[in-house]
Amino acid sequence: MRNDDKNENMAAEVTPKKPPDWKNLTDTVQDAESLRQESINAHHDHLITEIETSDGPLGTSLRAVYEGDELEKFKDSLNEHIKNHDKEIERMCNYHYQGFIDSIRELLKVSCDAAQLKEEISDVNSSLQDSCKPLLTKGEELVKSRRVQRNIASAVENLTLCLPVLEMYGKLQEQMSTKRYYPALKTLEQLEHTYLPRVETHWFSQTMKEAIPKLREQIKDASMSDLKDFLENIRKHSAKIGEVAMKHAAEQNNMDPAIVQSNKKVKTKRAPKPPNPFTGEIEKEEEDQSKGVIADPSGDDMGELSAQDLIDFSPVYRCLHIYTVLGDKEKFETYYRKQRRKQARLSLQPPSNMHESIENFKRYFHDIVGFFVVEDHILSTTQGLVNRAYMDELWEMSVSKLAASLRTSAASCKDSEMMLDIKKLIVLFCHTLRGYGFSVGHLLELLLEMRDQYSDILTRQWVDIFNEIFNEDNYTPIYVESVEEYTAIVTQFPFQDEELEQESFPKRFPFSLFVPNIYTQVKAYINACLKFSADLHLSHTEIDDMIRKSTNLLLTRTLGSCLSSLIKRRDLTLLQLIQIAINMNYLEKSCSYLEEYISTITGAQSDSVHMARLHGTSMFKDSRSDAEEHIYNKLNLKISEFIELANYDWLLPESKGHASGYITDLVAFLQSTFMSFTNLPEKVAKTSCMSACKHVATSLMEFIMDNNVKHVTMGALQQFNLDLIQCEQFAASAPVPGTRDGTLLMAFADLRQLLDLFLNWDWSIYLADYGQPTSKYIRVKPSDAISLLEKLSNTDNKKKNLFTSLKKNERDKKKLIDTVLKQLRGLVNGTPSI
């Protein structure tokens with residue numbers, strides 16, 4: 001390369017430059033073509049010179065060549081320049097050829113020296129390699145050591161960066177396995193934003209990044225699973241929570257906690273303390289409580305536990321925090337409220353046989369109270385999960401369904417004690433939920449409705465009580481043989497009688513045993529009504545009105561019906577009916593004491609203008625009147641039984657000289673009967689006696705006027721007269737007080753005048769005085785006289801024979817009878833007598 005450059009320089013120095021092509025100035029003026037040709041040649045030469053000397057782009061020169069029309073001529077000029085250069089190169093090479101040969105010879109010599117040098121260098125290299133082998137070995141070992149050291153340092157550095165990440169990931173896995181989801185979520189946040197960016201160059205960081213969304217979903221699913229378990233457990237333990245809450249409310253309101261105590265023993269556990277929502281740590285208690293549970297507390301311990309102590313709310317808090325951090329709080333709230341609404345509907349659905357046992361009612365109330373206690377706790381311990389509007393809406397829905405269920409179940413209840421227990425449960429239920437801020441006005445209104453149903457149940461129960469009292473009574477006056485027995489009666493029934501107090505034992509009360517028993521049971525009914533009215537926040541006047549209304553229904557409807565059925569019983573004797581009528585009199589007087597008793601126990605003013613009066617007075621009056629009417633009927637029936645024993649011989653020739661046996665027995669019966677009327681009101685006794693006398697007189701008149709009796713003798717009339725005299729003597733003896741004025745004798749006046757007319761044969765007087773107010777036989781009807789006279793005439797005709805017809809007396813009597821009959825018929829037909 002250096003020789004070539006040298007030759008080129010030498011050639012350039014030897015070759016002379018081409019002198020410019022000067023024109024001969026002395027030439028003559030050439031023609032235009034020659035000038036043009038010269039100009040083109042000069043232009044071509046200029047372009048070739050630019051091409052040869054230019055170091056830059058040749059675009060401008062080439063464009064000038066191709067823009068002209070003399071391209072072929074330019075090529076020719078270019079070829080001429082090439083040939084000239086070739087000639088110059090050849091001339092230069094010829095000039096330097098000898099030097100080139102010399103240089104070649106020198107190079108050959110240098111080649112030999114170079115080969116020798118190469119051989120020497122190779123020997124030196126071999127010896128150097130042999131001597132450096134140990135050094136190279138040590139060097140390689142050193143390099144390896146340096147590389148290992150560098151790798152170790154790099155590993156240490158990377159491990160320093162990775163260990164916190166791996167430790168954090170291990171902590172995350174531990175928290176996930178122990179279900180500490182909220183701390184796991186915080187760890188996951190730190191791992192994602194703080195630790196993983198430091199190890200982005202490592203392959204596992206990408207794996208962890210890809211796993212983070214899945215872990216979040218696992219945390220969400222796991223927390224939701226815990227929440228579902230919580231909802232299931234809270235459904236199971238809601239009744240126990242409600243029982244504890246109602247028990248505390250009973251203690252605070254001075255009510256008996258046994259009202260809500262369930263007979264079924266349930267093992268309960270104290271819930272663990274909720275974990276710290278930010279750290280997830282649970283505060284450690286005693287060693288026995290390391291698991292957060294106290295098993296089987298005693299009854300005393302249960303009294304100290306609050307409703308919230310019985311359930312662990314941490315799953316709700318964890319799930320709420322987790323969903324809040326993950327931005328799904330609204331979704332969680334919607335799910336929680338939806339599930340709790342479903343559980344509320346389940347709690348409000350009563351068992352089908354709830355009315356059969358008070359335990360069913362207790363569990364029903366416990367379940368509902370437990371539900372709202374849990375919701376109230378959630379409301380007070382969380383923000384936004386539930387709000388007051390949600391609680392009010394849920395409560396309104398629950399109250400309506402609860403009221404409907406209680407109405408239905410209470411309607412099937414037939415036991416007053418159970419109704420009282422239900423009422424106590426409702427009152428305590430109201431106290432409990434009022435303490436949590438819920439409105440219970442509708443439930444108190446429901447209690448007023450149930451009070452009427454309670455009164456109906458009591459009424460049905462008292463029907464059996466009254467009937468049992470009536471069945472067990474012997475309907476005879478009460479006899480007491482000691483002061484204790486006497487005190488027991490006057491304490492039980494308000495009766496005061498100075499004469500009776502002064503008498504010696506044994507003493508006899510005017511009424512039978514059912515009087516104090518009925519009075520006691522009416523008071524017991526009043527007390528039972530008062531039990532339901534307690535704790536209803538009613539005024540004394542309202543309670544008094546309610547009890548008086550119920551008592552009036554008991555007296556008028558229940559007791560009145562029972563008395564009416566009693567009086568109508570066919571197996572009652574006359575004496576028993578009399579005793580019943582006497583009892584009514586004393587029960588009627590006791591109504592004023594019942595009114596005072598009601599005022600005393602209710603605290604109402606006894607002289608209040610708004611106070612309703614008991615209707616028992618009028619009811620007992622009506623019952624007494626009914627009993628008196630039955631006394632009259634029963635007495636007449638008994639009289640009819642005696643009269644049915646009568647067996648008159650109407651053809652008796654002469655009287656027996658004494659009254660008939662049935663009349664004697666009848667009079668004896670009436671005398672003994674009316675002796676028992678002494679305790680009846682005088683008016684009743686007089687009326688009964690008058691009714692009996694009228695019935696006897698009517699029956700005797702029917703005997704003698706019987707159309708089946710065709711023949712009657714004067715002897716039979718005389719015997720009949722003896723019987724009538726016996727009855728008249730009884731009537732004149734004043735069998736009851738106030739009958740000495742002859743009113744009883746008036747019952748037999750018709751029959752007496754009829755018999756006197758026939759026995760005295762005073763037809764002339766009867767016919768002469770007929771129709772006059774002063775007539776001796778004013779009560780004798782012509783038709784009755786005709787009937788009896790015809791029977792006498794028939795008897796005479798039956799006895800008539802040939803010899804008697806010849807007797808003048810008989811003929812005159814027959815003629816007289818015919819004349820009297822004719823005149824009597826004239827009176828009946830309204831024609832004047834002849």
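Predicted model: local features only at pLDDT ≥ 70, side-chain atom pairs only at ≥ 80, totals over all residues.
Reader: Let's start inside. Which residues touch the most other members of the largest nonpolar core?

Author: The general idea first: in soluble globular proteins, nonpolar side chains tend to be buried together. Here, the largest nonpolar core has 184 residues, and Phe 429, Phe 470, Leu 700 and Ile 704 touch the most other members. A second, separate core has 21 residues, including Leu 172, Met 176, Met 208 and Ala 222.

Reader: Take Phe 470, then. What does Phe 470 touch, not counting residues up to four places away in sequence?

Author: With those set aside, Phe 470 touches Tyr 475, Phe 514, Ile 518, Leu 559, Cys 562, Leu 563, Leu 566 and Arg 569.

Reader: There's a cysteine in there. How many disulfides does the count come to?

Author: A disulfide is a covalent bond between the sulfur atoms of two cysteines. In this model the count comes to zero. As for burial, Cys 562 has a relative accessible area of 4%, so Cys 562 is buried. Cys 591 is buried too, with a relative accessible area of 1%.

Reader: Which residues of helix 2 are buried?

Author: Ile 40, His 44, Leu 47 and Ile 48 are buried in helix 2. They cover an arc of only 100 degrees around the axis, so they sit on the same side of helix 2. Ala 32 and Thr 53, on the other side of helix 2, are exposed.

Reader: And what covers the buried residues of helix 2?

Author: The cover includes helix 3 (59–67) and helix 4 (71–177).

Reader: Now the rings. How many aromatic pairs does a search of the whole structure find?

Author: A pair of aromatic rings is described by the distance of the centres and the angle of the planes. The search of the whole structure finds 34 aromatic pairs. One of them joins Tyr 475 and Phe 514: the ring centres are 6.0 Å apart and the planes stand at 70 degrees, so this pair is edge-to-face. Tyr 475 lies in the loop between helix 13 (441–472) and strand 3 (479–480), while Phe 514 is in helix 16 (residues 514–533), so the pair ties together parts that are 39 residues apart in sequence. Both Tyr 475 and Phe 514 are buried.

Reader: What about Phe 493 and Tyr 519?

Author: Phe 493 and Tyr 519 also form an edge-to-face pair, with 5.4 Å centre to centre and 90 degrees between the planes. Phe 493 lies in the loop between helix 14 (483–492) and helix 15 (498–502) and Tyr 519 in helix 16, so parts that are 26 residues apart in sequence are tied together. Phe 493 is buried at a relative accessible area of 2%, and Tyr 519 is buried at 6%. Ring pairs link both into a cluster whose members include Tyr 486, Phe 495, Phe 505 and Tyr 586.

Reader: Last one, a loop residue. Is Val 712 buried or exposed?

Author: Val 712 has 1% relative accessibility, so Val 712 counts as buried. Val 712 is found in the loop between helix 21 (682–705) and helix 22 (714–732). The C-alpha atoms of Val 712 and Trp 650 are separated by 4.8 Å, although these residues are 62 residues apart along the chain. Leaving aside neighbours within four places in sequence, Val 712 is in contact with Trp 650, Leu 717, Leu 788, Lys 791, Leu 792 and Thr 795.

Key. Residues numbered from 1 in each chain as written. Heavy atoms only, no water. Core = buried A, V, L, I, M, F, W, Y, C linked by side-chain atoms within 4.5 Å. Buried < 20%, exposed > 50% of the residue type's maximum accessible area, 1.4 Å probe, protein only. Contact = heavy atoms within 4.5 Å. Disulfide = S-S within 2.5 Å. Helix = DSSP H or I, 4+ residues; strand = E, 2+ residues; numbered from the N terminus. Arc of directions from axis to C-beta. Phe/Tyr/Trp six-rings, centres within 6.5 Å; stacked < 30°, edge-to-face > 60°.
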